[in-house]
Amino acid sequence: MSKSPRFSWFVFSSPQTFYPLAGTLQPWFAGLACVLCAAGLYISFLVAPTDAQQGESYRIIFIHVPAAWMSMFLYLVMGFWSGVGLVLNTRLSSMVATALAPTGALFTFIALWTGALWGKPTWGTWWVWDARLTSELILLFLYIGFMALQAAIDDQRRADKAGAVLALVGVVNIPIIYFSVQWWSTLHQGASVSMKSAPSMAATMLLGMLIMALGFWMYSIAAVLARVRCVILERERHTEWVMAEVGGPA
Amino acid sequence: MNWHSWSEFLAMGGYALYVWGSYAVTLIVLIGEIVALIMRRRGVIERLVKFYAARRRNHETEA
């Protein structure tokens with residue numbers, strides 16, 4: 001058997017290879033995010049009709065639901081890369097997990113904030129300690145805890161490991177958030193989109209929500225790629241290639 | 001089209017505080033993150049340039 005050089009995805013697990021790739025991809029995701037959010041906002045405000053029950057207040061759904069989805073999805077992705085970093089000891093995986101946390105925390109905050117502003121006119125209260133709201137608040141604390149724990153430990157490898165364990169333990173909260181509306185009686189309405197039944201909303205409302213969700217998704221990728229590039233430069237500063245990248249010969 | 005005038009659009013059927021409060025804060029948060037990321041990148045590069053310059057000076061004094 002001849003040993004021909006084969007392409008391997010592990011090529012991209014090297015920070016040196018990933019850094020320029022992330023730099024090339026980032027503007028494309030940022031552009032897609034702008035286009036999708038513009039289209040999503042157009043549908044949300046100008047195409048989607050007024051809701052028969054909630055009037056115009058329902059238009060908060062177009063950011064509330066996509067933000068809540070992203071808050072949970074980004075946590076799962078963070079847990080995944082934390083786990084990969086823990087098992088395979090790949091530096092880049094831990095860097096990606098670190099870069100995901102702030103964006104995830106921001107979307108969690110947006111979901112809680114818009115939820116409060118939607119709760120007031122529809123339920124008559126900004127906040128209730130019910131299962132859905134409380135578990136989403138715990139998600140925010142998990143993100144903040146992950147960031148604080150990593151920041152508090154000077155040794156980078158230990159910081160990554162401790163953060164990864166916290167992230168993985170916290171994954172249990174995601175199904176709790178998602179199924180909370182089924183498991184407990186709650187003020188919060190059930191899932192807006194379900195695989196089993198037809199969507200409980202007008203087609204244009206659903207379309208606007210899905211396009212906004214795609215826009216937030218692309219935004220998240222762009223933000224995380226930009227952040228992971230900063231993290232790579234910081235952590236790999238002792239390498240020749242970062243020195244060359246930042247400028248100037250040794 | 002849902003709206004007959006700008007004022008009607010801005011009033012959001014009486015829910016202006018809630019709808020615009022949601023959209024405004026979301027916009028502020030996302031723009032804030034973008035600005036923070038741009039500043040972080042500048043800061044990192046600035047720090048590293050100083051770091052390499054200091055290291056180079058040390059090498060020269062040792063030699």
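Modeller: Here are some questions and answers about the structure shown above, which is a predicted model.

Colleague: Let's begin with chain A, then. How many helices and strands are there in chain A?

Modeller: Chain A has eight helices and zero strands, so its pattern along the sequence is written α-α-α-α-α-α-α-α. Along the principal axes, its C-alpha atoms fill a box of roughly 65 × 45 × 35 Å.

Colleague: And how many of the residues of chain A count as buried?

Modeller: Of its 250 residues, 40% count as buried. As for the contacts between residues at least 6 apart in sequence, 78% of those in chain A join residues at least 24 apart.

Colleague: What about chain B, what is its radius of gyration?

Modeller: The radius of gyration of chain B is 25 Å, whereas a compact globule of 63 residues would have one near 11 Å. The box filled by the C-alpha atoms of chain B is roughly 75 × 20 × 15 Å along the principal axes, and the chain holds two helices and zero strands. Buried residues make up 13% of its 63 residues.

Colleague: How many residues does each chain bring to the contact?

Modeller: Chain A gives 31 residues and chain B gives 24 residues. On the side of chain B that touches chain A, 16 of the residues are nonpolar, five are polar and three are charged.

Colleague: Can you give me one residue of chain A as an example; what does A:Val246 touch?

Modeller: Not counting residues up to four places away in sequence, A:Val246 touches B:Ile45, B:Leu48, B:Val49 and B:Tyr52, and also A:Leu233 in its own chain. A:Val246 lies in helix H8 of chain A, which covers residues 240-246.

Colleague: Changing topic to helix packing, how do H2(A) and H3(A) sit against each other?

Modeller: Two packed helices are described by the angle between their axes and the distance between the axes. For H2(A) and helix H3 of chain A, residues 91-123, the angle is about 160 degrees and the axes are 7 Å apart. The two helices are therefore roughly antiparallel to each other, since angles over 145 degrees are put in that class. H2(A) passes H3(A) in a left-handed crossing, and the residues of this contact divide into 19 nonpolar, 11 polar and no charged.

Colleague: And at what angle do H2 and H5 of chain A cross?

Modeller: Helix H2 (residues 61-88) and helix H5 (residues 156-170) of chain A cross at roughly 135 degrees, and their axes come within 9 Å. H2(A) and H5(A) are therefore oblique to each other, and their crossing is left-handed.

Colleague: Which residues make that contact?

Modeller: From H2(A) the contact is made by A:Met78, A:Gly79, A:Ser82, A:Gly83, A:Gly85 and A:Leu86, and from H5(A) by A:Asp160, A:Lys161, A:Gly163, A:Ala164, A:Ala167 and A:Leu168. By class, the contact of H2(A) with H5(A) has five nonpolar, five polar and two charged residues.

Colleague: Going back to the backbone, what is the phi of A:Asn89?

Modeller: A:Asn89 has a positive phi of about 60 degrees, although it is not a glycine. Its place is in the loop between H2 and H3 of chain A, and A:Asn89 counts as exposed because it has 12 C-beta neighbours inside 10 Å.

Colleague: And where is B:Met12?

Modeller: B:Met12 is in the loop between helix H1 (6-11) and helix H2 (16-62) of chain B. Its phi is near 50 degrees, again a positive value in a residue other than glycine. B:Met12 counts as buried, because 21 C-beta neighbours lie inside 10 Å.

Colleague: Last one: what is A:Ser13 in contact with?

Modeller: Leaving aside its neighbours within four places in sequence, A:Ser13 is in contact with A:Thr90 and A:Leu92. A:Ser13 is found in the segment before helix H1 (15-47) of chain A and counts as partly exposed, because it has 15 C-beta neighbours inside 10 Å. A:Arg229 is 216 residues from A:Ser13 along the chain, with their C-alpha atoms separated by 13 Å, while A:Val246 and A:Ser13 are 233 residues apart in sequence and 21 Å apart in space, C-alpha to C-alpha.

How values were computed
Residues are numbered from 1 along each chain as its sequence is written. Chains are lettered from A and ligands numbered from 1 in the order in which they are written. This is a predicted model: local features need pLDDT of at least 70, side-chain atom pairs count only at pLDDT 80 or more; totals for chains, interfaces and linings use all residues. Helices (H or I, at least four residues) and strands (E, at least two) are DSSP runs, numbered from the N terminus. A residue is buried if 20 or more other C-beta atoms lie within 10 Å of its own, exposed if 12 or fewer, and partly exposed in between; C-beta atoms are placed from the backbone. Two residues are in contact if their C-beta atoms, placed from the backbone, lie within 7 Å. Ala, Val, Leu, Ile, Met, Phe, Trp, Tyr, Cys and Pro count as nonpolar, Asp, Glu, Lys and Arg as charged, and the others, Gly among them, as polar. Axes are lines fitted to C-alpha atoms, for helices over the stretch in contact, and angles run from 0 to 180 degrees between N-to-C directions. Angles under 35 degrees count as roughly parallel, over 145 as roughly antiparallel, 65 to 115 as roughly perpendicular and the rest as oblique. A crossing is left-handed if the near helix is turned anticlockwise from the far one by less than a right angle, and right-handed if clockwise. The radius of gyration is taken over C-alpha atoms; the globule rule is 2.2 Å times the number of residues to the power 0.38.
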